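Below are some comments for a first reading of the model. Each point can be checked against the structure as you go.

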Amino acid sequence: MDMQKEIDRIQSLLFDQISSAVSNRDVAKVVKLSSHAKECETLKTENTAFIRRVEALKNALNGSGSLSTTSPNPTDPAEAAFLSRREVGKQARSEWIERLRTFGISLNRHGKQYQMARGQSVAVAFANELPELENQWFLGLADEEPTAAAVLLCKSLGGKLHDIVLPVSLLREVWPVLNRSGKQVKFHIQERDAGQLFLRIPKASRLDITWLDVTRYIGNYGPLR
């Protein structure tokens, strides 16, 4: 069994059930399911770390490393990457916002979101592509619908950044039907043939689609001006 794929399958089912519970205003069920969804994130992190440690042991046996009976080094790359994930996202958002200035666009931090010069709010999320889940990104935003746009910064393993700027007109349609986990709205982006990017729409939503093509919103800076 591919444990990572199994956890993702369970999490996807949980997200669908959470969406249904939100629609039915079943607060108790939403809270319960959200805790399970959060546990899936923990399991995925632990599973990735476990796989890497096993690979390190195999490399050591093959003579490309050394076995150690001491406790794990807290500066181990895998652990350091996990611990600094929030900082990586913070830096990526800052660099992207700085790049916007070259287009004459200025965004300033305002609570959990950013604010345009004319006062409208913009939410910005960041995610790296996962080695074990190629061409997919899982992002989360605080459940506070922005008044101008939601930006999804998706960085590929090769370092390419897809900056998807979803306008408020689209957000009004998809925001209510997206899955929730805790106090966050979840976005699942997948890249398909010819570099097209799609946003997953939960099956339990009232919309008649499962995937929404958001390719045209890459670099869509109009709503930010």
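1. Start with the hairpin. Strands β5 and β6 make up a hairpin in which five residues separate the two strands, and G159 in the turn has a positive phi of about 100°. Please keep in mind throughout that this is a predicted model.

2. To see the pairing residue by residue, find A150, which stands opposite L166 in β6. Strand β6 is largely enclosed by the rest of the structure, because six of its seven residues are buried.

3. Is D163 buried or exposed? Its relative accessible area is 4%, and buried means under 20%, so D163 counts as buried. Apart from neighbours within four places in sequence, D163 has contacts that include L152, L153, Y217, I218 and G219.

4. The side chain of D163 also takes part in polar contacts. One is with the side chain of W96, at 2.9 Å. Another, at 3.3 Å, is with the side chain of R99.

5. D163 and R99 also form a salt bridge, with an N to O distance of 3.3 Å. D163 belongs to strand β6 and R99 to helix α4 (residues 85–100), so this pair ties together parts that lie 64 residues apart in sequence. R99 is partly exposed, at a relative accessible area of 37%, whereas D163 is buried.

6. How many salt bridges are there by the rule used here? The count is four. Another of them joins D143 and R180, whose closest N and O atoms are 3.1 Å apart. D143 is in the loop between β4 (136–142) and β5, while R180 is in strand β7 (residues 180–181), so the pair ties together parts 37 residues apart in sequence. D143 counts as partly exposed, with 37% relative accessibility, but R180 is buried at 10%.

7. R101 and E98 form a further salt bridge, and here the closest N and O atoms are 3.3 Å apart. R101 is partly exposed, with a relative accessible area of 42%.

8. Next, the aromatic rings. A pair of aromatic rings is described by the distance of the centres and the angle of the planes. The structure has two such pairs. In the tilted pair, F103 and Y221 are 5.2 Å apart from centre to centre, with 55° between the planes. This pair links distant parts of the chain: F103 is in the loop between α4 and β1 (108–110), and Y221 is in the segment after β10 (211–213), 118 residues apart. F103 is partly exposed at 38% relative accessible area, while Y221 counts as buried at 10%.

9. W175 and F187 form an edge-to-face pair, 6.2 Å from centre to centre and with 65° between the planes. W175 lies in the loop between α5 (168–174) and β7, and F187 lies in strand β8 (residues 184–191), so the pair ties together parts that are twelve residues apart in sequence. W175 is buried, with a relative accessible area of 3%. F187 counts as buried too, at 2%.

10. Now turn to helix α2 (residues 27–61), where C40 is found. C40 is buried, with a relative accessible area of 6%. Which residues does C40 contact, once neighbours within four places in sequence are set aside? They are I7, I10, Q11 and L14. From C-alpha to C-alpha, C40 and I10 are 7.9 Å apart in space, although 30 residues separate them in sequence.

11. Last, the chain as a whole. It contains five helices and ten strands. Of its 225 residues, 39% count as buried. Among contacts between residues at least 6 apart in sequence, 57% join residues at least 24 apart. The chain exposes about 13,300 Å², of which carbon and sulfur atoms supply 52%.

Methods: Residues are numbered from 1 along each chain as its sequence is written. This is a predicted model: local features need pLDDT of at least 70, side-chain atom pairs count only at pLDDT 80 or more; totals for chains, interfaces and linings use all residues. Side-chain values use heavy atoms; hydrogens and water are left out. Buried means under 20% relative accessible area, exposed over 50%, partly exposed in between (1.4 Å probe, protein chains only). A polar contact is a pair of N or O atoms within 3.5 Å; within protein, one must be able to donate a hydrogen and the other to accept it, and residues adjacent in sequence count only if both atoms are side-chain atoms. Contact means heavy atoms within 4.5 Å. Helices (H or I, at least four residues) and strands (E, at least two) are DSSP runs, numbered from the N terminus. Accessible areas come from the Shrake-Rupley method with a 1.4 Å probe; for residues, only the protein chains shown count as cover. Two strands pair if DSSP finds at least two bridges between them. A salt bridge is a side-chain nitrogen of Lys or Arg within 4 Å of a carboxyl oxygen of Asp or Glu. Rings of Phe, Tyr and Trp (its six-membered ring) pair if their centres lie within 6.5 Å; planes under 30 degrees apart count as stacked, over 60 as edge-to-face and the rest as tilted.
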